[in-house]
Amino acid sequence: MTAINENFLKLKAGYLFPEIGRRVNAFVEANPKAKVIKLGIGDVTEPLPPAVIEAMHKALDEMASRETFKGYGPEQGYGFLRDAIAKHDYADRGVKVNADEIFISDGSKCDTGNILDILGNDNLIAVLDPVYPVYVDTNVMAGHTGSADSQGRYQGLVYLPVTAENDFTPELPSEPVDVIYLCYPNNPTGVVATKETLKKWVDYAIENKAIILYDAAYEAFITDSDIPRSIYEIEGARDVAIEFRSFSKTAGFTGTRCAFTVVPKTLTVKSSAGNDVSLHQLWNRRQSTKFNGVSYVIQKGAEAVYSEAGQQQVKELVSFYLENARLLREGLEKVGIEVYGGVNAPYVWLKTPDELGSWEFFDHLLEKAHLVGTPGSGFGAAGEGYFRLSAFNSRENVEEAVKRIQKLME
Ligand code: MLT
């Protein structure tokens, strides 16, 4: 008789965004005339930058001729893209990351889940609360937790609450943990971490022989020059941190799929036999076995992000969404809503008005204003009473959304 991975049965609900989609579809079916504006899932709306499109067209033409055709690429990614990332995202900013420490992939969501393949099953794992649900759910699937309690918190995980009361900056864990997930600019709260905050975590990891899984998928939205864009800007981080980055939000690749993960060669963990084991080697082994790389055409498109024209276009794209975030933030503040984030980040995190529960506010906004956002409690128990709006949409929709919320609050 076939057995299943029973850990899946511990998962509380469907994955958050499909669950929202299901509710929205039901509403639209019942109200076909409603013009629903979606500021829920952080999915980009603007087309790919022209430099990217041009590079992808050229690459596709290469695939059309025997002389330039490409079959399997390197599982770690093509050298041209790894070199461009090492230069532009790291060396040019004074950060040491070598091209061969960069692994090209099809997404940070996949990589933050897949990384568990190379970690043991007995690690004590810390996550912020609220948190990007993938970190939690993939640990549940891997059998690293017990069951969920009535608030949806899984036994065996260490939750570090981040709320307005602590300025969305978590306390260090009160017990030693082995793995810490950090995401900055943060999804969902939209807050950023200062150098001091990150240093505190790096020092903690060094002291406790822990590792940090650092999700920097939204780093392109940092405009403040004092805010670190990479954890490797912090001394010692190369010995304790893996960094995840993505072209999804930076360059509009959510549907195109290209990201990368940095596993420094200096990052080692002790095996049960007491030997230092390189996580870089393990990840390389994992990727070569389970992954065949991102397509050549897409990697050529990603490379073009680093061309002069590409850099300019991407900057404009990011500014466009940041302006949306500003409009949302200021528009909501005007009607007395308490708003956080949305400055160096594409997410605006708000306190639900009139003490409404997160899902109550979700229903209220959908029914009365035909607007979709993401309930804070969907990101964790400490997100209850909060709500996330994404700045990824057209200007017209964002302006209309602000008007509708203001009207609702009258
Ligand atoms: C979000 O809305 O939180 C993101 O779109 C999720 C993701 O990038 O997977």
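Predicted model: local features only at pLDDT ≥ 70, side-chain atom pairs only at ≥ 80, totals over all residues.
Local features need a pLDDT of at least 70, side-chain atom pairs count only at 80 or more, and totals for chains, interfaces and linings use all residues. Residues are numbered from 1 along each chain as its sequence is written, and side-chain values use heavy atoms, leaving out hydrogens and water.

**Helix α6**

Let's start with α6, residues 195-208; helices here are DSSP runs of H or I with at least four residues, and strands are E runs of at least two, numbered from the N terminus. Which residues of α6 are buried? They are T197, L198, W201, V202, Y204 and A205, where buried means under 20% relative accessible area and exposed over 50%, with a 1.4 Å probe on protein chains only. Just after α6, K209 takes a positive phi of about 50 degrees.

**Cavities**

A cavity is a set of points on a 1 Å grid over the protein atoms alone where a 1.4 Å probe fits but cannot get out; lining residues have an atom within 4 Å of a point. The whole structure has two cavities of 30 Å³ or more, a volume being the space filled by probe spheres set on the points.

| Cavity | Volume | Among the lining residues |
|---|---|---|
| Largest | about 40 Å³ | L128, Y135, N186 |

Strand β5 gives the most to the lining of the largest cavity, with three residues.

Technical notes:
Expected span 1.5 Å × (residues − 1). 1 Å grid on protein atoms, 1.4 Å probe; cavity = no way out; pocket = protein on both sides within 12 Å on 5 of 7 lines; lining within 4 Å.
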